[in-house]
Amino acid sequence: MKAVLSFFILLVLTSTTQASWFDKKISGRYLYDVFRKQGVPKQAVERVFEFLDLNADKKFKLKLNEETTTKKIANKDYAVIVDFSKPSSEKRLYFMNLKNGGVEKYYVAHGVNSGEDRAVSFSNEIDSRKSSLGFYITGSIYTGKHGESLYLHGLEKTNDLAFKRDIVMHGAKYVSLEFLEKYGRMGRSWGCPAVSEAVNKKLLPLIKGGAVFYAYHKELVLMTQARATIQNVRGDQRDTSENGHNVVFEELDP
């Protein structure tokens with residue numbers, strides 16, 4: 001009887017304990033290494049995997065104007081990393097297929113007040129027209145002034161006003177090779193991670209409904225936690241650590 005009970009406990013623990021994303025393999029290779037070999041920033045991949053491990057079953061409390069709702073990471077097929085350390089003239093949006101290890105890279109805009117070709121200033125303030133760093137969870141698709149757009153719900157102090165600021169993912173004509181050839185950079189948004197209209201049409205149906213979206217800057221990983229309102233890239237505040245820090249998200253205050 002004791003042996004049967006021990007086996008039952010072991011079975012329950014095995015079935016309820018999720019393996020770490022760091023241990024996940026694709027065709028015999030670690031998914032982490034697969035993403036890194038394709039050029040996805042090391043520190044950003046680590047933080048996304050940490051986030052997925054630590055918050056797999058947690059519900060995030062989100063305030064949508066006058067309403068409050070909860071959302072969890074329901075879409076674990078894909079994740080997005082935007083590396084704002086890179087200029088807009090480079091493909092800095094990494095669309096990661098968590099099922100097969102595929103990575104697609106795209107151009108993405110930053111806020112008009114964040115900088116010219118490079119984003120050097122970030123903010124969570126209303127009407128700042130700057131990009132915001134941190135983890136988001138994707139919401140639903142809606143049709144607005146930019147056509148089909150995707151709600152992004154900020155989960156950190158650096159971006160928790162994203163919904164109120166109308167920070168969404170949408171398509172834009174100013175994110176194109178023609179614009180890049182003419183001006184040497186992509187056009188800029190009012191803070192939204194805008195992509196080309198073709199990329200927008202492709203990605204939105206795939207990443208909607210609770211996928212992880214991480215806006216990252218290698219020099220501001222730690223500072224965004226300590227000084228959440230505005231972060232500026234300066235030579236005296238660079239974070240050169242390989243690993244950021246574990247971020248566990250419980251239910252957020254409304």
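In this predicted model, the side chains of Arg-188 and Glu-116 come together in a salt bridge, with 3.5 Å from N to O. That pair ties together distant parts of the chain, 72 residues apart: Arg-188 sits in the loop between α4 and α5, and Glu-116 in the loop between β7 and β8.

**The network around Glu-116**
- Glu-116 also forms a salt bridge with Arg-185, where the closest N and O atoms are 3.4 Å apart.
- Through shared partners, salt bridges join Glu-116, Arg-185 and Arg-188 into one network.
- Arg-185 is buried, because its relative accessible area of 17% falls under 20%.
- Glu-116 is partly exposed at 48% relative accessibility, and Arg-188 is partly exposed at 23%.

**Another salt bridge**
- The structure holds four salt bridges, and one of them pairs Lys-173 with Glu-197, the closest N and O atoms being 3.6 Å apart.
- This pair also links distant parts of the chain, 24 residues apart, with Lys-173 in the loop between β11 and α4 and Glu-197 in helix α5.
- Lys-173 is exposed, with a relative accessible area of 66%, whereas Glu-197 is partly exposed at 43%.

**The largest pocket**
- The largest pocket holds about 510 Å³ of space.
- Its lining counts 25 residues, and Lys-145, Arg-165, Asp-166, Trp-190 and Cys-192 lie nearest the centre.
- Two or more lining residues come from each of β9 (134-144), β10 (147-154) and β11 (168-170), and β10 gives the largest share, three residues.
- Sorted by class, the lining has 11 nonpolar, seven polar and seven charged residues.

Note on methods. Residues are numbered from 1 along each chain as its sequence is written. This is a predicted model: local features need pLDDT of at least 70, side-chain atom pairs count only at pLDDT 80 or more; totals for chains, interfaces and linings use all residues. Side-chain values use heavy atoms; hydrogens and water are left out. On a 1 Å grid over the protein atoms alone, a cavity is a set of points where a 1.4 Å probe fits but cannot get out, and a pocket is an open set with protein on both sides within 12 Å along at least five of seven lines; lining residues have an atom within 4 Å of a point. Grid points are joined across faces, edges and corners, and a volume is the space filled by probe spheres set on the points. Helices (H or I, at least four residues) and strands (E, at least two) are DSSP runs, numbered from the N terminus. Ala, Val, Leu, Ile, Met, Phe, Trp, Tyr, Cys and Pro count as nonpolar, Asp, Glu, Lys and Arg as charged, and the others, Gly among them, as polar. Buried means under 20% relative accessible area, exposed over 50%, partly exposed in between (1.4 Å probe, protein chains only).
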